Amino acid sequence: MTSNARRPEAARIAVFAKAPVPGAVKTRLAPVLGADGAASLHAGLVRQALASAVRSGVGPVELWCAPDESHEFFAACASQFGARLRRQQGADLGERMRHAFETVLGEGAALVLIGSDCPAITPGALAHAAAALRNHDAVIAPAEDGGYVLVGLSRRCEALFSGVEWGTAAVMAQTRERLAASRQPWLELPTLWDVDRPEDYARLRREGLLDEVLS
């Protein structure tokens with residue numbers, strides 16, 4: 001059930017990202033790009049996500065880092081984009097997202113959270129998501145692969161982050177079930193695509209986005 005508490009007026013954007021360590025990121029693209037090339041693509045996607053977050057004008061931008069904030073790439077991102085560095089905490093993606101939302105909501109702000117895999121997320125889409133949180137408890141953008149590429153909350157909804165089969169095609173369906181069961185008023189945005197597999201990389205090139213990501 002939702003509470004009658006007033007929703008926060010301020011909002012922030014969080015970008016979740018792993019350090020671009022070869023062999024540890026975009027591993028499904030390594031057969032096409034090599035470990036170093038996959039890591040470079042990942043770094044470019046992180047920078048693009050941060051640039052879109054800044055251009056959205058929503059509010060402060062936070063870069064939530066894994067495994068921690070110590071990699072020099074994160075320091076460079078903080079300097080370039082003015083992002084606050086924070087450490088992801090939790091045993092799985094659900095726990096890490098829950099921790100981020102509890103932290104920011106506890107600081108009195110709504111939060112729109114994105115990963116670094118979706119070059120199709122525009123500054124306008126981020127602004128739309130943040131605006132939606134003035135009237136909805138949650139906002140979410142599904143991914144074509146059955147997951148989601150954006151989630152925002154103006155109130156806590158712990159049910160969203162437990163018992164979900166992360167990394168599978170069931171994530172969005174399970175998330176809808178949890179939102180409905182908790183009676184959280186939510187807005188669902190248009191479905192987008194992310195970059196994980198060789199066919200996604202081919203699409204990135206085909207749609208003319210690769211140069212933008214790597215610039």
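The legends below describe the whole chain and then several close-up views of a predicted model.

Residues are numbered from 1 along each chain as its sequence is written, and side-chain values use heavy atoms, with hydrogens and water left out. Because the model is predicted, local features need pLDDT of at least 70 and side-chain atom pairs count only at pLDDT 80 or more, while totals for chains, interfaces and linings use all residues.

**Figure 1. Overview of the chain.**
The chain has seven helices and seven strands; helices (H or I, at least four residues) and strands (E, at least two) are DSSP runs, numbered from the N terminus. From the N terminus on, their order is β-α-β-α-β-α-β-α-β-β-α-β-α-α. The radius of gyration is 16 Å, close to the 17 Å that the globule rule gives for 215 residues, so the chain is as compact as a globular protein of that length. That radius is taken over C-alpha atoms, and the globule rule is 2.2 Å times the number of residues to the power 0.38. Along the principal axes, the C-alpha atoms fill a box of roughly 50 × 35 × 30 Å. Of the 215 residues, 50% are buried, where buried means under 20% relative accessible area, exposed over 50%, and partly exposed in between (1.4 Å probe, protein chains only). The accessible surface comes to about 9700 Å², and carbon and sulfur atoms account for 49% of it; areas come from the Shrake-Rupley method with a 1.4 Å probe, and for residues only the protein chains shown count as cover. Of the contacts (heavy atoms within 4.5 Å) between residues at least 6 apart in sequence, 64% join residues at least 24 apart.

**Figure 2. Strand E1 and its two parallel partners.**
E1 covers residues 11–18, and seven of its eight residues are buried. Two strands count as paired if DSSP finds at least two bridges between them. With E4 (residues 110–114), E1 pairs in the parallel sense over five bridges; here Arg-12 stands opposite Leu-111. With E2 (residues 61–66), E1 also pairs in the parallel sense, over six bridges, and Ala-17 has Cys-65 as its bridge partner. E1, helix H1 (residues 30–56) and E2 together make a right-handed β-α-β unit. Right-handed here means that, with the strands pointing away from the viewer, the path from the first strand over the helix to the second runs clockwise.

**Figure 3. Leu-111 in strand E4.**
Leu-111 lies in E4 and is buried, with a relative accessible area of 0%. Leu-111 and Gly-34 are 77 residues apart in sequence, and their C-alpha atoms are 35 Å apart in space.

**Figure 4. The largest nonpolar core and a second one.**
A nonpolar core is a set of buried Ala, Val, Leu, Ile, Met, Phe, Trp, Tyr and Cys residues joined through side-chain atoms within 4.5 Å. The largest has 36 residues, of which Leu-50, Leu-63, Val-112, Ile-121, Leu-126, Val-149 and Leu-150 touch the most other members. Elements that give two or more residues to this core include E1, H1, E2, E4 and helix H2 (72–81), as well as helix H4 (123–132). H1 gives the most, with six residues. Apart from this core lies another, of 24 residues, among them Ala-14, Ala-100, Tyr-148 and Met-172.

**Figure 5. Val-112 and Ser-52.**
Not counting residues up to four places away in sequence, Val-112 touches residues including Ile-13, Leu-126, Ala-129, Leu-133 and Leu-150. Ser-52 lies in helix H1 and is buried, with a relative accessible area of 5%.

Five of the five residues in E5 are buried. Ala-138, Ile-140 and Pro-142 point one way from the strand, and Val-139 and Ala-141 point the other way. E5 and E6 pair in the antiparallel sense over five bridges, with Val-139 bridged to Gly-152. The two strands form a hairpin with five residues between them, and Gly-146 in the turn has a positive phi of about 100 degrees. E5 also pairs with strand E7 (residues 186–188), in the parallel sense and over three bridges; the bridge partner of Ile-140 there is Glu-188.
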